[in-house]
Amino acid sequence: MKHIANVTGRSGSLSSSSGSVIPTTETRKPLGLKCGYLYKCSLRFKRWRQCWFVLDWKDIAYYEDQFDHAKNISLKNHCSVLEAEADDVKRPNSFKVAIQTRTFILSADSRENMESWIHAIRAISGLHSTVKRSV
């Protein structure tokens, strides 16, 4: 993400029309229970794109760039989180977040970070907190 100055000329975060906060380079403070960069695999083109993710009590919001409105992965209904198999996903430290309508494939920069995201999402969605492999 690039550095953005708000209307007053100070660095910080911007609010989208929906009121969602879009983080900038100087506002990498926790905006939810857990936040940070992950890579997201697009369904259509199977390309990986770095996005800023924010986990809160009901969903995971993510931003593809500083001008993007937050997109949400709802954790209100059934959600499963599994480490992705190497045969299935070629990128290391990948995991899947499956909701009723879609499966998101995400990747962290390290195994520890991946496990931290899996545990945090499972805690919010009420799932068991051990890392499992998908079958």
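Predicted model: local features only at pLDDT ≥ 70, side-chain atom pairs only at ≥ 80, totals over all residues.
Good morning. I shall begin with the sheet. It is open, it has 7 strands, and its order is E6-E5-E4-E3-E9-E8-E7 with antiparallel pairing. Two strands stand at the edges, namely E6, residues 71-74, and E7, and each of these pairs on one side only. On average, neighbouring strands of the sheet are turned by 35° against each other, direction ignored.

Helix H1 packs on this sheet, where it touches E3, which covers residues 34-41, as well as E4, E5, E7 and E8. The direction of H1 makes about 105° with that of E3.

Let me now turn to strand E8. On one side, E8 pairs with E7, residues 80-83, in the antiparallel sense over 4 bridges. Within that pairing, Glu83 stands opposite Phe95, and Leu82 stands opposite Lys96. E8 also pairs with E9, again in the antiparallel sense, over 5 bridges. Here Ala98 stands opposite Thr103 of E9. The two strands E8 and E9 form a hairpin, with 4 residues between them.

Why is E8 described as largely enclosed by the rest of the structure? The reason is that 5 of its 5 residues are buried, that is, each has under 20% relative accessible area. In general, side chains in a regular strand alternate between the two faces of the sheet. In E8, Ser94, Lys96 and Ala98 point one way, while Phe95 and Val97 point the other way, and all of them are buried.

That brings me to the core. The largest nonpolar core holds 22 residues, and the members that touch the most others are Phe53, Leu55, Phe95, Val97 and Ile121. At least two residues come from each of E4 (48-55), E5 (59-63), E8 (94-98), E9 (103-107) and H1 (111-125). Which element gives the largest share of this core? It is H1, with 6 residues.

Finally, the helix itself. After H1 comes Gly126, whose phi is positive, near 80°.

Ala120 lies in H1, and, leaving out residues up to four places away in sequence, Ala120 touches Lys34 and Leu55. Although Ala120 and Lys34 are 86 residues apart along the chain, their C-alpha atoms are separated by 7.5 Å.

Thank you for your attention.

Conventions
Residues numbered from 1 in each chain as written. Heavy atoms only, no water. Core = buried A, V, L, I, M, F, W, Y, C linked by side-chain atoms within 4.5 Å. Buried < 20%, exposed > 50% of the residue type's maximum accessible area, 1.4 Å probe, protein only. Pairing = 2+ DSSP bridges. Axes fitted to C-alpha atoms, helices over the stretch in contact; angles between N-to-C directions. Contact = heavy atoms within 4.5 Å.
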